[in-house]
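Please look over the sequence and the structure before reading on.

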Amino acid sequence: MSKKSKRLSLLLTSMMAVSVLLSACGGGSNNASSNDSASGSKGNSEKPVELIWYTIGAPQKDLDMVVAEINKYTKEKINATLKINMLDYGDYSQKMQVKVASGEPMDIMFTSSWALDYVQNARKGAFMELDSLIDKYGKDIKTAIDPAFLEGSKVDGHNYAIPANKELPAQEVWRFNKELVDKYKLDISKATTLDSIEPMLKTIKENEPGVTPYAMVKDYMPVLPFDYIIEKMPMAVYLNTKDYKIVNILESPELKSSLETVHKYYKAGYVSSEVATTSSVDDLYKAGKWFMDRATTQPMADNLWTASYGYPVVSTPAGESYIYNWSVMGSMQAISANSEHPEKAMEFLNLLNTDPYLRNLVDSGIEGVHYEKINDNTIKNLPEAKNYDMPSFSLGNIMINYLNEGDPADKWEQFKKFNEAGINAPLLGFNFDTSKVTSEIAAVQNVKEEFWAPLMTGTVDPDEYLPKAIEKFKAAGLDKIIAEAQTQIDAWKAANNK
Amino acid sequence: MKMIGGFIRNIIKDKVMLLMVLPGALWFLFFSYLPMVGTVIAFKEYRYSREGFWASIFHSKWVGWDNFKFLFTTNDAYIITRNTLLYNAVFILLGLVLSVVMAIVLAEIANKKLAKVYQTGMFLPYFLSWVVVGYFAFSFLSSESGVLNQILGYFGAEPINWYSEKKYWPVILVLVYLWKALGYNSVVYLAAIMGIDKSLYEAAMIDGAGKFQQIKNITLPLLSPIITIMTLLAIGKIFYADFGLFYQVPRNSGTLYSVTNVIDTYVYQGLKSTGEIGMSTAAGLYQSVVGFVLVITSNYIVRKFNKDSALF
C-alpha cells in the first residue's frame, strides 16, 4: 500500500515538473515569435493579426455583426482584426483580475479608477508601459486628446493606458425632481450647502407622505473640501492646501458638522431609515418617488437624466469643479503586458481615438441597421439600436462621436469649456504606492466597512460613534498608512516643485 | 520487478473497481492536488510576468510570513475567529440534533406520500442561493415594509431597526442557517435509517419494545457511524464560514460587524480593493491548516473510543 502511494506521489511530482517545463517553454516561444513579428517587415501580404480586446459593458446581441464590419476596415487600415469580449459592469473587475493573474492571452483591456483598478494593476505589472509605443505608433493620440489626460494618468512617470477624451473635472450637483420643485414653487438656486437644503426637505416631508425627500444610498458622503489619498478612506489633504499635510478627515471640524446635519436629517425622516444598507435607489427613480439627491455632473447632464428617467430633472452646483486623479482615470484602454502584438494594439488604439468612422462604428453600430444619419454628423437611432447599445464613455475619444438627435450643435465645445473650467486638485498626478502598507490597508478597510456607511448616512449618532471610529481606525494602523503616504507626497512634491 | 508485476496484476484484477474510482480520482488530482502547488503564492508578493502564470509565481518576490500579518494585526482577529468558531460550533451541534430528529420523524410518518411532501419542502431551501435567501430575510426584517415590523405595529409595539440592532443577529443567523441546511442534512440521515434492516425492528416489537425504545436502541446506535463521519467532516470546515450567510443575509451592515464578521467576510472586505492574491491565499492556507489539524485531532479522539467509526 505504502509503495503504491509512493509511486503515485512520484507520478504526481513528475507530472507537475512536466507541466512547469511545458509552460515555461511555451512562454519562451511566445516571446520569440513576438520579437519576430516586431522585426519583420509590414507588408500587406503578412497574415492579419488578431487583437483580443476585453471591454466593459453588457454583452450586445449584434456584437459579432458589427465586429465583422470593423474587421473589414481595420484589416485594410492596419492589417489587424479584432476579437471583442464584453464583460458586464458587476463582473468586470473580478473576472479580469483572474484573467490577468492567470496570464490569459489578451491585447487590449478596459481599465479605470473604478473597475479593474488602473494604478494598482499598472504597478503589479498587468499593463505594458506605453511611453515609446505612443511616440512610435500613437502620435495622433497626443494631438487628439486633451494633454491633461495623458499627463494625469501617469503612474510613477509612465503611461500605462490611453485615457478616453471626455469630461475631465468632477463636479457635484444637487439634483431635483422638477415636478415637485414646480408644485411647491421651490427655488433650487438656494441649495448650496448641506444645511441650506433643510427647508425644502421639510416641505416635502410634510406634504408628500409617499416620497423620500432625500434619495440617499449607503455610499453617500458629504461634499468636503478634501482631495483624498485613496477614495473613501479617511485621509486627505485640503483642496486649498499649501503644505500638503495629510489630515485624518474624521478629526476635521468640516466632517463633524456635516455628520451632525445628516444625522438630524436621518432622525427627521428625510432619508430612508434603511439607508445604511441600501445600495441602490433605482426603484425610487423609476417611480419618481424622490425629491432630491446628489450626483456627479457633466455638460448637459440634466437632459441625460431627464431622458433616462422619463420625467424632468434639474440640478444646481453643490461644489466646485475639480480635476482629480480618479476623474482623469475614469475610462482608459490599456495594452496587456502579455500582448503578443503591442505595436498593432497601439496602432488600433491610435485609429480608435482619431478616426471618426471607426469610432462611430464601434460606438453606434452599422449605418442603416442601427442608426441613420440626419445630417453630416448627427444620427438618429433605429429600432435595431437596442441590439447594439454600447457604453460610449468606455470606448475612447468621445469627442469624435456623431451627435444624437436633439443634441446642441456645440456639444463638444461645451465639453471643452467644462474641461477648461476645472481646477487641478492638489494631488493630481500623485499615486499612492500601497505596497509597504498592504496589511494595514486590509485591516483599515474592515474598520471602514464597519463604520463608514452608518456614520456618513447619519444612521448613528456622530457624538457617540465618531470617537469610536477614530480609535478603531488608529488601532488598525491608519497612522502608519498616513505616515507612509506623507513620505511619498513629500518626495513627490519635491520632485515636482509643488 | 516482482513488485511491478504484482502491481499490474492487481490493476487487472480490480480493473472494474478502479475504472469506477477513476473519474473521482482525476477530479481530485486536477482540482484539489495540482492546485496545491499554488500555496507558494501565500509566501510571495505576487506580481504579473508577461510569460504567464508559472513565470509570475516564479519571478515574484519571497516575503515570508508577511501575507499572514493582516489576519492578526488588529483585535478584529479575535472577533472574527470567535465568530467563525462559535457560529460553526452551534451550526454543527444544532444542525446534527435537529436533522437526526427530523430524519427519524420523517422515517416514522406512516403516510409515505405525506413524508415525501415534507421532505421535499424542507429540501428546497438548500437549492436557493444566499442572495435569494438574503432577500427573503429582508422581506421579514426590513424596517419600513418588513413583515415582522408590521406585526409589531399591529400589537402597538415600536418598530425595530433590525439591521442595526446587533443583539438579535446571533439568533437570526442560526435560524436562517438551520432553515436552509436542515433539509439536506436530514436526507442524509434518512437514507441511513432506510438502510437499517427491518427485521431488527420486528424482533424488537416482538420483545415488546415501544417506539422510543426502538429509536434509542436500534436507530441511534446504527446511525452513530454516519453521525460521526458527518460531524468529523463538518469539524474540518469549522474555520470556513459560509460567506453568503454572513455577507448577504445581514446586508453587509456595518453596525452588525461585531456579531457578523467572520474570517471569510473579513478577508473579502480587506482584499477586494487591493486584489493581493498572496494575502487571500495566505488566509485560505491558514484556514485549511487549522481545519486539517482539527480533523486529525478529532479523528484521533474518535478512534480512542470507537475504532470503527473513525474516518481513517
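Two residues are taken to be in contact when they have heavy atoms within 4.5 Å of each other. The model is predicted, and by this rule 47 residues of chain A are in contact with 48 residues of chain B.

**The interface**

The area buried between chain A and chain B comes to about 4100 Å², and carbon and sulfur atoms give 56% of that area. Polar contacts also link the two chains, with 13 residue pairs found across the interface, both residues being at pLDDT 80 or more. On the side of chain A that touches chain B, the elements giving two or more residues are α1 (2-39), α3 (89-101), α4 (118-124), α17 (438-456) and α18 (462-475) of chain A. Sorted by class, this side of chain A has 18 nonpolar, 19 polar and 10 charged residues.

**Salt bridges**

The search of the whole structure finds 30 salt bridges over all chains, whereas across the interface of chain A and chain B the rule finds one.

Because Lys474(A) lies in helix α18 of chain A and Glu251(A) in the loop between β11 (247-248) and α10 (253-268) of chain A, the pair ties together parts that are 223 residues apart in sequence.

**Helix packing in chain B**

How do the axes of α5 (residues 76-108) and α6 (residues 112-123) of chain B cross? They come within 8 Å and cross at roughly 155 degrees, and since angles over 145 degrees count as roughly antiparallel, α5(B) and α6(B) are therefore roughly antiparallel to each other. In this contact Met102(B), Leu106(B) and Ala107(B) of α5(B) meet Lys112(B), Ala115(B), Tyr118(B), Gln119(B) and Met122(B) of α6(B), a set that divides into six nonpolar, one polar and one charged residue.

For helix α7 (residues 130-141) and helix α8 (residues 147-154) of chain B, the axes come within 4 Å and cross at roughly 15 degrees, which makes α7(B) roughly parallel to α8(B). Ser139(B), Phe140(B) and Leu141(B) of α7(B) make this contact with Val147(B), Leu148(B) and Asn149(B) of α8(B), and the residues involved divide into four nonpolar, two polar and no charged.

Terms used
Residues numbered from 1 in each chain as written. Chains lettered and ligands numbered in written order. Predicted model: local features only at pLDDT ≥ 70, side-chain atom pairs only at ≥ 80, totals over all residues. Heavy atoms only, no water. Buried area = accessible area lost by both parts, 1.4 Å probe. Salt bridge = Lys/Arg side-chain N within 4 Å of Asp/Glu carboxyl O. Polar contact = N/O pair within 3.5 Å; in protein donor to acceptor, adjacent residues only side chain to side chain. Nonpolar A, V, L, I, M, F, W, Y, C, P; charged D, E, K, R; others polar. Axes fitted to C-alpha atoms, helices over the stretch in contact; angles between N-to-C directions. Parallel < 35°, antiparallel > 145°, perpendicular 65-115°, else oblique.
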